Structure formats: structure tokens, C-alpha cells
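Work through these exercises with the model open beside you. Try each task before you read its solution.

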Amino acid sequence: MTFIINHNEELISSYISSIIKCNNELEKHTTLPLIFHKNRNINTIPILSGGGSGHEPAHIGFIGEGMLTAAIYGQLFTPPSNQEILESIRFLNQGNGVFIIIKNFEADVKQFSKAIYSARKEGIKIGYIISHDDISIEPNTHFQIRGRGLAGTILLHKIIGNAAKNGADIDQLTTIGQKLAPEIATIGFATHAATLPQGKQPLFDLEDGKISYGIGIHGEKGYRIVPFQSSEILANEIVNKLRLHYHWKSKEKFILLVNNLGNMTSLEIGVFVNDLLQFLEIEGLDICYIKSGTFMTSLNMSGISVTLCPIRDNYWLESLKATTTAFAWKYPFCIIYYL
Amino acid sequence: MSPFTKNFFAKIKLLVERYNMTSSLITKKRIAKAFKDLLKVDTFDKISIVDIMETAGIRRQTFYNHFLDKYELLDWIFDNELTEYITHNLDFISGKNLLQELFLYFKQERSFYINLFDIKSQNHFYEHLKKYCRLIVLKVLEEYGQNLTDSVDFTNFLIDYHSNALAEFIKDYVNKKRNTTNPDYLIMTITGINIK
């Protein structure tokens, strides 16, 4: 596989540089691996998210009015250090505290927890929520649900970001996050595993013409490998696993987010979404909001993840429909949007 | 070509076409849903193919691309739903969760199955159900049966015995002769081990 690159050590910095050049709303912190919203309202609670790189446009693409105030990034699949997170918290804090959205990965939680502990010790008010929308299972753990943070995290960015924009304080944001995060469920499939830049082997074995169900975004294997038959068979399996999770009732209202995990063509996603919507209709679900595009990738993995969230609060729907300037939410099929 | 041969080849062609249908699952599920919806308000005998396809919003002829008649549709619903609820979850949830899901499924679909048992003989579906119960019993033994004997004969006897018992139990549950039970009791009975 050919990966467009100059030098490995410049991979992330080149990407950041291009994003900053193309988006005049965004700025890079002079010393920290932190991108922030230049025109942020300093009277609202800043929302910070982040983690390892390799999931672009997450999380930098979601910085903007009504979503994230800033995103902190580490190297490929490696979170930033707790010291970098702590310094970012200090930078963002305007006196009313900082709210943080963390993806549930052991290394991420460890670094963010240490930073939150230190920030609180300094007297900075911190609220946080950990996204754990992955409903696939960890092989060889007696069917234990993996519970890691996947594309459903973006719904947290949007709904919490909108609440912050409307003046919610840390406690209110925490309440929203705690109510919302457990309701979000994501599961996907891959037709090809991701390969690290200049890596020779994919992160897991998947022969041509095979599908792996329930993959993660850091090279985690799925729960089953089957020969590809058709898009509708894929959509049916995904819907069945989501039904198993929710035990939904007919006419229940849901939010749907379909995510390109990296290398899927728009044409393939369109075919899949067409099938997916028909199965959800057969199930009798009322899909009130659909978002499809590239939100959280795993390098060049070819695959799609599907996120559902039952609408327990109409505010969630209002928040998703609210405007934002974050380019990856506004234009989810563009890699970079020129403002 | 004799009329018999012509008819024979026409039937073969139809079967091949049906087999080759690449986009059939959504249509089949739409037809199945329409049929199940109609069964909630009408008896099997009174439901025509026209009724089913009108409810599904699909032209009548399409029915025959997928099913020979209402009886084949019934068989497909039964097999497809148990495959999706049991076979496709064998590698995704534990034996205990699978038993819970199974009883939940039969509770939700009870009225359909009571109808179904009236339409075709209970034995017809009971024989099918035993196949799926066997999969569950095998899974439970693999997951929890640490102290299984080495005797192949005895293991086979155990699998047959518990598969038949579970199928019988489910049949009684559907017919409301029995309440659901704690999956732990079933697992303890199958494996002889208290998993709590």
C-alpha cells in the first residue's frame, strides 16, 4: 500500500498545518498539540476533546461554534500526555472551568484522568464524560462488551457543544453527558483492515472478499469474519445487533449516524444506507435525524460504522439540528473545507 | 418438447431465478412483516397473497419470486427469525444471554406462534425448533460444562436429551402452559454446574 507522506515524524504536523491554512477559524497553540477556536465566546464553558491521531477528521474537524472549543492530539493511536492535557485545560479555562469529552480507551482515560485530577487540585472546575458507545465484543473475554469510544462520540460533541453555546454551566453539561452517553450505541464492519503509514502488514488479517463484523478503530478484530454476500446482508446483521442492544419498540424515535471508517467510497455508503434505512423501517423505527459521512476514521480502514441513539430528550434533536461552524459536521464528505 | 418437459424446465428456471435473487432479503422481510401484521387481525385461511402484497406495498407477482405459497412463507419466517436470534448470536452473546433473548423473543412473538401451531401441526415446527435448541445446548455445554465426561455416547445423549427438553419447554411456554424460567436453572440442569 502507498501512503502519501514526506517523513514519518512530520505526518501529524503537516496535517495540522494544512487544516490551519484552510480554516481561518482555527489556530494552533504555539507549544501544545492543541488546536482551538479563534473566535470562541469566552463567556461560555470551553469544550475540549481529543486523543490519538489517525481518526481524522476527529476531533479537529469538530472545532467550531456550537461544538468543540479545542482538540488536543497525540501521535498515531497514542493519546497526548497528561501534562499536555493539563496545560491545555489551563489555557482554555476562563474561570468557569472546562468540560472534557474522552473516548473510552485505557490509555486515553489514564492520561485524561491524571490531568483532571491535577487541574482540580489547582482549583479549576472540570466536568467530563467518557463515551463508550462500542457495543461489539472483545474476543476471548466471554462475550464482554468492548464499550470503547467510537463515532457516537461525535453526537456528544454536537449536543454538549450546543448546550455550552447556549450558556449551560459545568454541572448542566455533566448532566446532559451522563444522560446521553449511555444511550448511544455503535457497531460496524470492515472490508479491509487499516495499515499504519509505511507499515507492511494490516493491523489484522482480512482476506479479500471477506467482511469482519464488530471491528474497533485501533485495529481491534471483530467478532466474526464471513464472505461478502451483499450490502443488505451487512445492513441486516448490523441492525440485528443494534436491536439486540436496544430491544426497541415499534415507532420508537432514533437518531442515526453512519460513519465512513476511512476508505469507503460514497457510492458504497449510499448503497449501504439505502439498505439500512429499509431494515430500520421494517423494524418500525422512526428515524428522526440522519447524518452520514466521514466523522471518525481508523486510518485507511475500509468499513462503515452505524450509530443509533434513542431520542429521550427533544433537546438532543434540537442540538443536532442547530448550526455550527465545525467543518467536519457541516461538510462530512469533505476532507478539508475552505472557509 | 413435451408439455411435461416444458413445465419441468420452466419450474427449474423459476427455482434458479429465485436462488439467484441478489436483493431478496429486504423484500422477503417486507412480505413477512405484512403477513405477520395481517395475522394479528385475521385468520390464516382468510389471508390471501393479494392481501399480503397489498399490505406490503409490493406487486403481487413478486411474492412468487420468493415463496411458493403462504406455507413456505411461514417456514421462512420461522427459520429466518430463529437463525437471526440464535445462530447469528452464538458468537456474540453468552449462553445465558442467549437463553434470555430466546424467551424474550417467544414472549414478543407468542401470538404469531400460537397461530402458527394452529395452522401447521405443532410437530412440524417442533422438529425445526429442536435443531436450534441443539445449538444452544451445545453452546451452553461448551461455555459452562467444565466437568463433562469423555464418553462421546454420554455427551451425545446429554445433548439430545436437553435439546428435546428445551424445545418442549419452549413449546409449553408459547402455549402459556409454563412461565419463563431463570436461565441459570436451565444452565444448571444442562451442565450440572451452578454458574452463579
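**Exercise 1. Find how many salt bridges cross the interface of chain A and chain B, then describe the side of chain A that touches chain B.**

Step 1. Apply the rule: a side-chain nitrogen of Lys or Arg within 4 Å of a carboxyl oxygen of Asp or Glu. Across this interface the rule finds three salt bridges.

Step 2. Look at one example. The side chains of A:R243 and B:E84 form a salt bridge, 3.8 Å from N to O.

Step 3. Name the contributing elements. Helices (H or I, at least four residues) and strands (E, at least two) are DSSP runs, numbered from the N terminus. The most come from α6(A), with eight residues.

Step 4. Sort the residues on that side: nine are nonpolar, seven polar and seven charged. Here Ala, Val, Leu, Ile, Met, Phe, Trp, Tyr, Cys and Pro count as nonpolar, Asp, Glu, Lys and Arg as charged, and the others, Gly among them, as polar.

A note on the source: this is a predicted model, where local features need pLDDT of at least 70, side-chain atom pairs count only at pLDDT 80 or more, and totals for chains, interfaces and linings use all residues. Residues are numbered from 1 along each chain as its sequence is written, chains are lettered from A and ligands numbered from 1 in the order in which they are written, and side-chain values use heavy atoms, with hydrogens and water left out.

**Exercise 2. State which strands of the open sheet in chain A stand at the edges.**

Step 1. Write the order of the six strands: β9-β8-β7-β12-β10-β11, with mixed pairing. Two strands pair if DSSP finds at least two bridges between them.

Step 2. Find the ends. β9 (224–227) and β11 (286–293) of chain A each have a single partner strand, so one side of each lacks a neighbour in the sheet.

Step 3. Check one pair. In chain A, β10 (residues 253–260) and β12 (residues 302–310) run antiparallel, joined by seven bridges. A:N259 has A:S305 in β12(A) as its bridge partner.
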